Amino acid sequence: MPDRPMIEIAGVSRNFGTFRALDDINLTIAEGQFFSLLGPSGCGKTTLLRLLAGLDVPSAGTIRIDGEDCTEIRANARPTNMVFQSYAIFPHLNVAENVGYGLKRLRLGRAEEDRRVAEALEMVRLPDFGRRKGNELSGGQRQRVALARALVMRPKVLLLDEPLSALDKKLREEMQIELRSLQQSVGITFVLVTHDQYEALALSDRIAVMFAGRVAQVAEPMEIYQHPATRQVADFLGGMNFLSARIAGETGETLTVETDRLGTAVLRKPAGFTASGNRATVGIRPERLRVLWDDETAPHMLTGRIASRAYFGETTSLAVAIEGLDAPLSIVETNDYGADELKIGAEIRLAYDPEALVLVSDPAA
Amino acid sequence: MKRTTRSWRDREDLRGLALISPTVLYALALLLVPVAMVILYSFWKQSFMTIDHTFRLSNYEAAFTQPIYRALFLRSLWISLTVSLVTVVMAYPVAWYISFHGGRNKNLWLFVITVPFLTSYLLRVMAWKVVLGHNGVVNSALMWLGLIHQPIEALLYTANSVVITLVHSWVAFAILPIFVSMEKIDRSLVEAGRDLGDSAFRSFRRIVLPLSLPGVISAFVIVMIPTIGDYVTPTLVGGRDGMMIANIIQTNFGQAQNWPMGAALSVSAMVLVSLAAGIMVLLLRLLVNGVRR
């Protein structure tokens, strides 16, 4: 796929009174990409989406869509369409009228309009729902109607504002798969706003993680999970054990660190990393620590005592106190063996791989 | 502890009935009974000082055939329709402005609208005499500006003065239901309309207008029903040309001492206003259904 930019956001800020909702955002989203804006509530991700939709105007900066400066262009004249968080299904219209809402203005003629509405309903797998009223639909169906209503306009960019957050877990997982395959079949650039890291990881080609009106990191899902740039990003995307380490050596791209209990490792520097003094923060994901059973051994081992446990069915989460470490280590153990023996107070041995250690920028360190 | 019988206090439905019963009894005693009496009277006949209690339709015959009654019915209907229409047309933009652009001051706006109600209805109607009269505010101002050389007599004691006064009396009652129906419109619906290509006006026409229709209909009916039978305003500012059906009903119960005739006119007015209100509701629905496409 050629990486032609579809959306270019340059120096965009948005102030509400004295509150700075967005602070100098710079992002480029390639054509045909499934792009996610991920962050906690209040981080500005929805504000940014509304700026892309033209429902709001930035206080500073420019937004280009498909090479055209759209900063001042209002929503009704942009090549973007949006799926609203509340779905915003028109209650006084039936499903077909909802889906055909935006087509009326294009004066395509009755036959072409009907054909495109039917095609869009087919695409979201609601072919026989045209005559239903908006208030006769379930949450999942409303979401599909909202999708069809936006896709029928054949936008260059489809904007989705937490489209799955109102659905129950099982339906949400189904819709994730459907949304992904839909995006691949239509080839339209999707921009998804979500606070759910699993959703972002599962659906996206690229993710921008946002905090307090700023973009903390932009990368592919695996990169963002395995090499989070900052402590905040690491913490937001799943759990992470943070350890303080001493810097023992530095090259252009790597840093050699000595940890208190997890040995010495040569780690890749994240983008924008600057060491402050001779201390650095390293992290290790809970699932990269493994319980050693019976007489199993590993090249790198730790011994500790279980401080707390939470049983989740397929996994058990443990906090293991290790002598010489300030905070207990969180670990996630798959319950394929010996889950009953993981009792509070039990002494266990853990295996880890020094390659699983990552270096993160930590403003607090 | 085990209880086998439950007190009526524990039954949700009974408790509800108990709560509304004072209102229901009050309404029954003061609405249903008098209405039933009026209906009964309308089928009797006044013969000099006594009432002939045999069932007859002659009062209704008179109500629908005598030119004076027909003229007054038509005028009342015409005035109330005009008042409702003008009131709703004037109230709609105000309600829209408060709901969509009132921002933080919504409550202040609503308060300002209800301020005129701090003075009595009678006083507000009387005030229009001062405004519209021979030497009134309007005439004096126009004379002073040199736009007219003698006072316009058509301002007061005509059907127009009744319409003007009634619109002023009722406009707040029209703003409130329209405002409430607009407040219930999810703002993301309007944004969705814009996102799908509507101009601001088009999204108003296709979304806000049809969804605020229930408010428009209630406003129309709220204004129309009481104005058709209004008595105070035509008495004070209507003169001979602004007389309405309520005035002649009053005359029948009063000076003319013909209660059965007054009763028949009252019942006819009730039926007429219900029909007219029903037809208006249907027409408005059709109109807006046509507009939103």
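This is a predicted model: local features need pLDDT of at least 70, side-chain atom pairs count only at pLDDT 80 or more; totals for chains, interfaces and linings use all residues.
1. Patches are made of residues with over 30% relative accessible area and no salt bridge, and nonpolar side chains are joined within 5 Å. Keep that in mind for the second point.

2. Chain B carries a nonpolar surface patch of about 940 Å².

3. L17(B) sits in helix α1 of chain B, which covers residues 12–42. Is L17(B) buried or exposed? L17(B) has a relative accessible area of 53%, and exposed means over 50%, so L17(B) counts as exposed.

4. Next, chain B as a whole. Its secondary structure comprises 13 helices and two strands. Of its 293 residues, 39% count as buried. The accessible surface of chain B is about 16,800 Å². Carbon and sulfur atoms account for 71% of that surface.

5. What are the dimensions of chain B? The C-alpha trace spans about 90 × 75 × 40 Å along its principal axes. The radius of gyration of chain B is 24 Å. A compact globule of 293 residues would have one near 19 Å.

6. Contacts in chain B reach across the sequence. Consider those between residues at least 6 apart in sequence. Of these, 69% join residues at least 24 apart.

7. Now chain A, starting with R116(A). This arginine lies in helix α3 of chain A, residues 110–123. R116(A) has a relative accessible area of 9%; buried means under 20%, so R116(A) counts as buried.

8. What does R116(A) touch, leaving aside residues up to four places away in sequence? The partners are L103(A), L108(A), V152(A), M153(A) and R154(A). V193(A) gives another reference point. R116(A) and V193(A) are 77 residues apart in sequence. In space, their C-alpha atoms are 27 Å apart.

9. Two cysteines of chain A deserve a look. C43(A) is buried, at 1% relative accessibility. C70(A) is buried too, with a relative accessible area of 1%.

Notes:
Residues are numbered from 1 along each chain as its sequence is written. Chains are lettered from A and ligands numbered from 1 in the order in which they are written. Side-chain values use heavy atoms; hydrogens and water are left out. Patches are made of residues with over 30% relative accessible area and no salt bridge: like charges are joined within 9 Å, nonpolar side chains (Val, Leu, Ile, Met, Phe, Trp, Tyr) within 5 Å. Accessible areas come from the Shrake-Rupley method with a 1.4 Å probe; for residues, only the protein chains shown count as cover. A salt bridge is a side-chain nitrogen of Lys or Arg within 4 Å of a carboxyl oxygen of Asp or Glu. Helices (H or I, at least four residues) and strands (E, at least two) are DSSP runs, numbered from the N terminus. Buried means under 20% relative accessible area, exposed over 50%, partly exposed in between (1.4 Å probe, protein chains only). The radius of gyration is taken over C-alpha atoms; the globule rule is 2.2 Å times the number of residues to the power 0.38. Contact means heavy atoms within 4.5 Å.
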